[in-house]
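The sequence and structure are shown first.

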Amino acid sequence: SLIGLIGGIYFNELVEALKKYFKYIFLIFIVIVVIASFFNFMMKLNTMKEVKRFSPSFFEMCNFIKENTPKNSSFMILYVSPFVYNCERKASWEIPDKPDIVLSNDINLVLERLKANGFTHVIVQKFALSGEKYSSMYPVEFVRFLMNNPEEFKNIYENGPPIEQCIQAGGCDGSVVYEVNYGS
């Protein structure tokens, strides 16, 4: 039929044009992919720059610690490596006694385990608060335990919004430094 013949001619012309211009179409496609990849990479890089940047309040806390704590102080803190590097003090988080310290709510056991690990201070980073009992963050119950025992955990430094406001918000910028008082 006539429509099939005309369609076949146009299809044949289309195939010939694609053969003739395929290399140009392929090059245009490659250029588009490279440009799109570049812009995607730049967006990701800008996002990561924001994520990896430490808050000025972190450095303020480190300055306080360097000026107001003995060099042999030892801190229990979640993000150990940046703390050790910037605050120039010894620190740890992943210790075998962490469940006893973070979960027990028994003041005697907590103090005993902190002392056995040589901790002189506990730091709560307000951006890492969690409603879960045991996670890779600071359980809110543990933070409240520290707050409710001011004789044993003296708040010697705090920056950012008040800790209760941060708990309600699920985290915020700032830190609290507690000095551990083991008594006599």
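## Pairing within the sheet

In this predicted model, Met 76 has Ser 92 of β2 as its bridge partner. The strands β1 and β2 run parallel to each other where they pair, over three bridges.

Both strands belong to an open sheet of five strands, ordered β2-β1-β3-β7-β6 with mixed pairing.

Which residues of helix α3 (residues 80-87) are buried? They include Phe 83, Asn 86 and Cys 87. Viewed down the axis of α3, the buried residues fall within an arc of 85°, so they line one face of the helix. In general, an α-helix has 3.6 residues a turn, so residues three or four places apart point the same way.

The cover over the buried residues of α3 includes α2 (56-68), β1 (74-76), β2 (90-92) and β3. On the other side of the helix, Ser 81 and Tyr 85 are exposed. Just after α3, Glu 88 adopts a positive phi of about 60°.

Gln 125 is located in strand β3 (residues 121-125). Is this residue buried or exposed? Gln 125 has a relative accessible area of 2%, which is under the 20% limit, and therefore counts as buried.

The side chain of Gln 125 makes a polar contact with the side chain of Tyr 138, at 3.1 Å. Leaving aside residues up to four places away in sequence, Gln 125 touches Phe 58, Ile 77, Leu 78, Tyr 79, Tyr 138, Gly 174 and Ser 175.

## Aromatic pairs

How many aromatic pairs does a search of the whole structure find? The search finds seven. One of them joins Phe 58 and Phe 59 in an edge-to-face arrangement, with 5.5 Å centre to centre and 80° between the planes. Phe 58, which is among the residues touched by Gln 125, is buried at a relative accessible area of 5%. Phe 59 is partly exposed, with a relative accessibility of 34%.

Tyr 79, also among the contacts of Gln 125, forms an aromatic pair with Phe 127. This pair is stacked, with 5.6 Å centre to centre and 25° between the planes. Tyr 79 lies in the loop between β1 and α3, and Phe 127 in the loop between β3 and β4 (129-130), so the pair ties together parts that are 48 residues apart in sequence. Tyr 79 counts as partly exposed, at 37% relative accessibility. Phe 127 is likewise partly exposed, at 44% relative accessibility.

Note on methods. Residues are numbered from 1 along each chain as its sequence is written. This is a predicted model: local features need pLDDT of at least 70, side-chain atom pairs count only at pLDDT 80 or more; totals for chains, interfaces and linings use all residues. Side-chain values use heavy atoms; hydrogens and water are left out. Helices (H or I, at least four residues) and strands (E, at least two) are DSSP runs, numbered from the N terminus. Buried means under 20% relative accessible area, exposed over 50%, partly exposed in between (1.4 Å probe, protein chains only). A polar contact is a pair of N or O atoms within 3.5 Å; within protein, one must be able to donate a hydrogen and the other to accept it, and residues adjacent in sequence count only if both atoms are side-chain atoms. Contact means heavy atoms within 4.5 Å. The arc is that of the directions from the helix axis to the C-beta atoms. Two strands pair if DSSP finds at least two bridges between them. Rings of Phe, Tyr and Trp (its six-membered ring) pair if their centres lie within 6.5 Å; planes under 30 degrees apart count as stacked, over 60 as edge-to-face and the rest as tilted.
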